[in-house]
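Here are my notes on this model, point by point. Have it open as you read.

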Amino acid sequence: MRLVIRKEPFGYLLFDKDSREHYFIEHAGSLEGVSRDDLYAFLAKYYGAKVYNQPIVFIRPPLSHLELSAPVGMYLEIARSCNLNCSHCYKPKAWELEKIGHVNPMSIDVIKQTLEELKRLGVLEIRLCGNEPTHSKDFFEVCVFIQKLDLYLGINTNAYFEDGIGD
Ligand code: SF4
């Protein structure tokens, strides 16, 4: 496990980068100043003994005066199409988007800038969605970039894969 402890106005957000398990804790004192042993003992109340000796990073987002300094996770739509056509689907189809002038998903450059900005603001998790995110030609590049930023990567997919991923 790899813990991030994010400063919040009410105390802290604890976030495990590997499992996504997280807690909002009200805490008036400072956790930054306590000894490592005391810190692990405190964290063990939430994560159990497995937390001992695990790496911990403190972050203090720039907007930490807000109710919650940043969202824990954000969804990022990287594809406008899908390889299935479910009758219950509520997502607009590519031709419907075309009709109202929204044809292109974000370019890879805009996606990367957005991800860097979200990281800077203290967001901890990115969940890729679409319609079907694996249908984006940029799918693998976006996944690698998110991992380079050391953010938790989630993918909302129908798990139906074919040859030739890409919009
Ligand atoms: S897999 Fe999901 S996005 Fe694709 S058509 Fe079905 S419900 Fe819609």
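Predicted model: local features only at pLDDT ≥ 70, side-chain atom pairs only at ≥ 80, totals over all residues.

1. The chain has 167 residues, and 23% of them count as buried. Its C-alpha atoms fill a box of roughly 55 × 30 × 30 Å along the principal axes.

2. On secondary structure, I get four helices and seven strands for the protein chain. Going along the sequence, the pattern reads β-β-β-α-β-β-α-α-β-α-β.

3. Now the four-stranded sheet. This is an open sheet with the order β3-β2-β1-β4 and mixed pairing. The edges are taken by β3 (22-26) and β4 (56-59), each with a single partner strand, so one side of each has no neighbour in the sheet. From one strand to the next, the twist averages 20°. If you want to check the parallel part, look at β1 (residues 3-8) and β4, which pair in that sense over four bridges. A handy landmark there is R6, which stands opposite I59 in β4.

4. The other sheet has three strands. It is open too, in the order β5-β6-β7, and the pairing is parallel. Which strands stand at the edges? They are β5 (73-77) and β7 (152-155); each has a single partner strand, so one side of each is left without a neighbour in the sheet. Here the twist averages 25° from one strand to the next. Strand β6 (residues 125-129) runs parallel to β7, and four bridges join the two. For a specific pair, take I126, whose bridge partner in β7 is L153.

5. A quick look at helix α1 (residues 36-47), where A44 sits. Is A44 buried or partly exposed? With 13 other C-beta atoms within 10 Å, A44 is partly exposed. Leaving out residues up to four places away in sequence, A44 touches A49 and V51.

6. P9 deserves a click. You'll find P9 in the loop between β1 and β2 (11-16). What does P9 contact, leaving aside its neighbours within four places in sequence? The partners are S64, H65 and E67. Take H65: P9 and H65 are 56 residues apart along the chain, yet their C-alpha atoms are separated by 6.2 Å. Even with those contacts, P9 is exposed, with 10 other C-beta atoms within 10 Å.

7. Two backbone angles to look at. D150 has a positive phi of about 60° although it is not a glycine. D150 lies in the loop between α4 (139-148) and β7, and with 13 C-beta neighbours inside 10 Å it counts as partly exposed. A159 also has a positive phi of about 60°, and A159 is not a glycine either. A159 is in the segment after β7. Is A159 buried or exposed? A159 is exposed, with 7 other C-beta atoms within 10 Å.

8. Last, the ligand. Which residues surround the ligand? The shell is made up of C82, L84, N85, C86, C89, K91, N131, E132 and N158. By residue class, the shell divides into four nonpolar, three polar and two charged.

Technical notes: Residues numbered from 1 in each chain as written. Near = placed C-beta within 6 Å. Nonpolar A, V, L, I, M, F, W, Y, C, P; charged D, E, K, R; others polar. Pairing = 2+ DSSP bridges. Axes fitted to C-alpha atoms, helices over the stretch in contact; angles between N-to-C directions. Buried ≥ 20, exposed ≤ 12 C-beta atoms within 10 Å, placed from the backbone. Contact = placed C-beta atoms within 7 Å.
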